[in-house]
Amino acid sequence: MTMTLTQQIITIAMVVLGTMLTRFLPFIVFPSGKPTPKYVQYLGKMLPSAVIGLLIIYCLKDVSLQSGSHGIPEFIGVAVVALLHVWKKMMLLSIAGGTIVYMMLIQLVF
Amino acid sequence: MLSLNKFSHQDVIYMKKRTQLIPAFRAAFPYTVPILAGFLFLGIAYGIFMNSLGFSAIYPILMSLTIFAGSMEFIAANLLLVAFNPINALFLTLMVNARHLFYGISMLDKYRGTGKKKLYLIFGLCDESFSINCTVDVPKDVDKGWFMFFVTMLNHCYWVIGAAIGGIFGSFVKFNTEGLDFVMTALFVVIFIEQWMKEKNHHSALAGLGLSAVCLIIFGGSNFIIPAMFAILGLLSLLRKPLEKVEVRTI
């Protein structure tokens with residue numbers, strides 16, 4: 001290890017501080033006692049759907065379409081989750097079904 | 001005034017709390033089951049990873065407890081191995097975790113009136129706690145604050161327990177878990193569909209998915225989040241006037 005224990009603790013503390021800043025900042029800037037600006041209220045209503053879309057893409061960010069399995073297992077996995085969910089509307093079934101299909105695909109097929 | 005009740009005021013408060021806690025826990029747990037699978041797996045992977053870098057189990061345990069942001073913890077492990085640079089560590093963290101700003105803005109209203117629990121709710125606002133607490137309609141007879149508290153706390157527990165198992169027993173885990181991390185993707189897909197079926201228009205959902213995909217193609221996997229956030233913010237701001245007009249017309 002190149003770092004001393006103190007340096008390690010400072011480094012980890014910086015990561016904690018950075019993470020907490022990103023989580024607490026909106027609540028500090030727009031405290032619940034004061035009325036939140038209309039524009040921020042609008043964003044608060046609109047952002048969730050967009051952010052969850054962003055999270056899906058974030059999960060798939062390391063998939064390469066040009067090489068390896070070309071993202072086919074991921075595509076099939078997502079399709080199975082979506083179809084199961086539209087059909088049965090049971091959260092755990094959709095997630096378990098899609099994940100098992102995906103694991104079988106990458107372990108046995110690709 | 002003398003009270004003829006058998007129970008003192010303290011007892012009543014205590015019982016009221018208990019009758020709130022158990023239903024809230026029961027309502028929250030099922031939503032966290034996919035995360036139980038995902039976090040145990042990812043946590044174990046993280047613990048094994050730290051183990052392989054030569055860190056003792058106490059590192060993954062304390063880091064998962066205090067940072068509680070999955071991808072950042074893997075990056076933090078690498079930060080510990082390079083030259084000491086705390087400012088760099090801080091800025092890298094701000095960049096990687098900038099998406100939390102959007103979570104906070106979305107939860108400003110939902111976290112209102114949750115009392116002291118609010119501090120912990122904000123501390124534990126990871127991707128998974130956010131996506132559940134933001135989208136689930138909590139049953140009417142369940143206390144919303146405690147529901148969100150248990151979702152956050154259970155997720156936190158799963159993550160720390162996973163990291164501890166990985167850190168301590170890392171070298172013994174030997175079954176083929178390749179691909180199990182897909183449960184997180186599957187969770188977000190399910191939540192996306194649930195949102196889609198609830199909302200009146202899909203501008204925001206499509207903007208999030210489309211703009212993020214475009215930014216991923218242009219900027220690549222490690223740099224796309226911040227441009228994607230700006231693009232989403234820009235488009236939603238442009239859409240504000242037309243969308244609000246539509247809303248007024250439908251009323």
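Let me start with the largest cavity: its lining is A:Met3, A:Thr11, B:Leu79, B:Val82, B:Ala83, B:Asn85, B:Asn88 and B:Ala89. This is a predicted model, where local features need pLDDT of at least 70, side-chain atom pairs count only at pLDDT 80 or more, and totals for chains, interfaces and linings use all residues. Residues are numbered from 1 along each chain as its sequence is written, chains are lettered from A and ligands numbered from 1 in the order in which they are written, and side-chain values use heavy atoms, with hydrogens and water left out.

Back to the cavity. On a 1 Å grid over the protein atoms alone, a cavity is a set of points where a 1.4 Å probe fits but cannot get out; a pocket is an open set with protein on both sides within 12 Å along at least five of seven lines; lining residues have an atom within 4 Å of a point. Points join across faces, edges and corners, and a volume is the space filled by probe spheres set on them. The count is 1 cavity of 30 Å³ or more. The largest holds about 40 Å³. Its lining has 5 nonpolar, 3 polar and no charged residues. Here Ala, Val, Leu, Ile, Met, Phe, Trp, Tyr, Cys and Pro are nonpolar, Asp, Glu, Lys and Arg charged, and the others, Gly among them, polar.

Helix H2 (38-59) of chain A gives two or more of them, and so do several helices of chain B, including H1 (9-52) and H11 (225-250). Helices (H or I, at least four residues) are DSSP runs, numbered from the N terminus. By class, that is 23 nonpolar, 12 polar and 8 charged.

The second largest pocket has about 960 Å³. Of its 31 lining residues, A:Tyr42, A:Gly44, A:Lys45, A:Met46 and A:Pro48 lie nearest its centre. Which helix gives the most to this lining? H2(A), with 9 residues. The classes here are 9 nonpolar, 10 polar and 12 charged.

Next, aromatics. There are 18 aromatic pairs over all chains. Rings of Phe, Tyr and Trp (its six-membered ring) pair if their centres lie within 6.5 Å; planes under 30 degrees apart count as stacked. A:Phe27 and B:Tyr111 have ring centres 5.7 Å apart and planes at 15°, so they are stacked. This pair crosses between chains, from helix H1 (residues 5-29) of chain A to the loop between H5 and helix H6 (117-123) of chain B.

B:Tyr46 is buried at 0% relative accessibility; B:Trp159 is buried at 2%. Ring pairs also link a cluster: B:Phe25, B:Phe29, B:Tyr120, B:Phe123, B:Trp146, B:Phe149 and B:Phe150.

Charges over rings next: NZ of Lys or CZ of Arg within 6 Å of the ring centre and within 35 degrees of the ring normal. A:Lys88 sits over A:Trp87, 4.7 Å from the ring centre. B:Arg99 lies over the face of A:Tyr58, at 4.9 Å.

Last, H7(B). Why is it described as largely enclosed by the rest of the structure? Because 9 of its 9 residues are buried. Among them are B:Asp127, B:Glu128 and B:Phe130.

Technical notes
Phe/Tyr/Trp six-rings, centres within 6.5 Å; stacked < 30°, edge-to-face > 60°. Buried < 20%, exposed > 50% of the residue type's maximum accessible area, 1.4 Å probe, protein only.
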